[in-house]
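Hi everyone, thanks for making time. I'd like to walk you through one structure, stopping at a few local details before we get to the contact between chains. Let me put it on the screen.

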Amino acid sequence: MAHFDPNAKPFSHKWLDERLAVDTLQKVLSTEYWIPKNINFLWAMGMILAATFGILLLSGIFLLMYYIPDTKLAFDSVNHTIMGEVGYGWLWRHMHGVAASVVFLIIYIHMLTGIYYGSYKRGRELIWISGMLLFVSFSAEAFSGYMLPWGQMSYWAGMVITNLFSLGSLNLNGLVEWIRGDYVPGQAFLGRFFMLHVLLMPLIIMALIVLHFGTLRIPHVNNQDGEEIDFEEEAKKWKAGNRKESKVIPFNPVFLSKDVFVMSIYFIIYFYLVFYHFEFAMDPVNFDPADPLKTPPHIYPEWYFLWSYEILRPFSKNAGLIAFGFAQVIFFFLPFLDRSANVAPANRRGLFKYWFWILVVDMIVLTIMGKVPPMGIYTTIGTVAAWTFILLWAVLPFITKMEKPVRGSK
Amino acid sequence: MSDRRDFFGKALGAFAGLGALGALYAAKRTWDPLPSVKAAGFTTLDLSGLSENKLYVDKWRGKPILIIKVAKNSKPNEAPNGNNKNAYEDPRLISVGGHKYMIVIGLCTHLGCIPDYFSDKHKFICPCHGGQFNAAGEVLKAPPPSPLVIPPFKITGNKVVLGEEGPEYKKLKESGLVA
């Protein structure tokens, strides 16, 4: 049996350590979790995402107290009760809406940082894959949340997206009706998406966040040069007092203080948006109640889904669905499609440098084209951009296979 | 000894597996459309007194129903896919009381948006992805892969009941013209 000191005062440090191993926990999770020195502000995005998720959870709890998941009452419970009657209800709604939008901006920055610095390779594959699972879960969470105000855009986005599950010429209308619980989005649909949004998806997201942190613990975070650091050796130097020579710092309190600094700047911008420019996250079309007999003149998703929506649009129904499915899953395979062993920033990696920047520009072009009406020159640009996206992934294994080893990497 | 443990392990696994399957089935059934949702759903359309080449909208099982009394000359102004025949000659039209009507579910067969009717051009244009249909619901421009769907109907005098399969509907269905 473990040893319990009979003289330890209840809830004293010793008493807790004997029962919970708080010292070991603290070392493993924070004070002896080592972070390289050679990083920049982009390494703070993970904590910013965790904090934004916290904001979504908190503001969501307050919204949940007055929201009514009933097709007849939902619209008013949001636009009348929460926005007009509940004290500071507008604050929770604007915080929730703005955070839901900016969280995707940070996710994209976080993903592109990972791609640029090669932080998905050699031992870090599971970090990438669990991160992609988080991306998909956040997408489902955002979509299900978008249904809840039961406005025109909620209804028609729900109609269009659930129709995707008929899988084109397979005509699986039974599956679509099963997902909706009705022939069209109705009460059954609103009820189940409400459940997904407030319970099941948040649970999945929280479990995945734990997994994502877990996958990071052994390989540690990457650094600006992709240098392979002997964390044990460098940690010894730090602990021996050679803090200048050591290439690492402890997560807590040293790295965390930098994280908090970047987070502070982020929150200044975030709250500026919440108080002065929340309207960018509030589509005016969704301030009309859902009307099953009237399609809005132009249906488009929120900005963060536009690039993949645009990959669906220029093709015929079946080809469009295949291209859309491709766009949804292809990022998962990045660690295996990149055949080069180089862990280095893209600008030192030959053709991959161009691949990366073309990908970034292409996704921005797709995003813009997804927003404008589908006609004339826009259709052409959209088609070219969609093909560019597909071709980029097709050539990736070849250009990375030809890549020469970068100095310093094995 | 280990035989006995194996047996208990397998028995436990089998029972737990059965329970899991049962729970999955119950979960699936919980997500099914409710009987009340499925049972509701007959709409009667009165076609007397409709004007030609004008769009009328009704509702059946929560879906919009588009009705046009098709004029004798309903050629679309242009058809990007070359299908520019006169919609009045289309076999998908439903004859009621000596007039021809287009009665379709008003959801684009691409992704389910409601197409808008432009009576001067004799065609529908979908606001979402730019698909086009003529006044009989036939495709004039992709992405929609198939014509607008004709709901099950039964003709009684000047009225049409949606949700019931009359002889005219069965004939169309046999010829593969309903969707």
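Let's begin with A:Ala21, which sits in the loop between α1 (13-20) and α2 (22-31) of chain A. Its phi is near 50°, a positive value in a residue other than glycine. Please keep in mind, as you look at that angle, that this is a predicted model.

While we are on backbone geometry, here is another spot for you. A cis peptide bond joins A:Asn252 and A:Pro253, with omega at about 5°. A:Pro253 belongs to helix α11 of chain A. That helix, residues 251-276, also holds both A:Phe251 and A:Phe255, which are four residues apart, or about one turn of the helix.

Now to the charges. Over all chains, the structure holds 13 salt bridges. In one of them, A:Lys247 pairs with A:Glu227, and their closest N and O atoms are 2.5 Å apart. This pair links distant parts of the chain, 20 residues apart: A:Lys247 is in the loop between α10 (231-239) and β2 (248-250) of chain A, and A:Glu227 is in the loop between α9 and α10 of chain A. As a reminder, side chains of opposite charge can pair when their charged atoms come close.

Next, please find A:Thr367 in helix α15 (residues 351-371) of chain A. What does A:Thr367 contact once its neighbours within four places in sequence are left aside? The list is A:Trp303, A:Leu306 and A:Trp307. Take A:Trp307: 60 residues separate it from A:Thr367 in sequence, yet their C-alpha atoms are 4.3 Å apart in space. A:Thr367 also has a polar atom in its side chain that lies 2.7 Å from the backbone oxygen of A:Met363.

That brings us to the interface. Here, 30 residues of chain A are in contact with 28 residues of chain B. The area buried between the two chains is about 2,400 Å², and carbon and sulfur atoms give 67% of it. On the chain A side, A:Trp178, A:Tyr183 and A:Lys317 lose the most area to chain B, together 29% of what that side buries.

Which elements of chain A give two or more residues to the side that touches chain B? They are α7 (152-163), α8 (173-180), α9 (187-217) and α12 (306-312). Of these, α7(A) gives the most, with five residues. By type, the residues on that side of chain A divide into 20 nonpolar, four polar and six charged.

For those of you thinking about electrostatics, the count of salt bridges between chain A and chain B is zero. The rule does find four residue pairs in polar contact across this interface, both residues at pLDDT 80 or more.

Finally, a word on confidence in chain B. Its mean pLDDT is 83, and 99% of its residues reach 70 or more. Within chain B, confidence is highest in helix α1 (residues 2-31), at a mean of 93, and lowest in helix α3 (residues 167-174), at 79. Thanks, everyone, and over to you for questions.

Note on methods: Residues are numbered from 1 along each chain as its sequence is written. Chains are lettered from A and ligands numbered from 1 in the order in which they are written. Side-chain values use heavy atoms; hydrogens and water are left out. pLDDT is the predictor's confidence in each residue, from 0 to 100. Contact means heavy atoms within 4.5 Å. Buried area is the accessible area (1.4 Å probe) that two parts lose on being put together, summed over both. A salt bridge is a side-chain nitrogen of Lys or Arg within 4 Å of a carboxyl oxygen of Asp or Glu. A polar contact is a pair of N or O atoms within 3.5 Å; within protein, one must be able to donate a hydrogen and the other to accept it, and residues adjacent in sequence count only if both atoms are side-chain atoms. Ala, Val, Leu, Ile, Met, Phe, Trp, Tyr, Cys and Pro count as nonpolar, Asp, Glu, Lys and Arg as charged, and the others, Gly among them, as polar.
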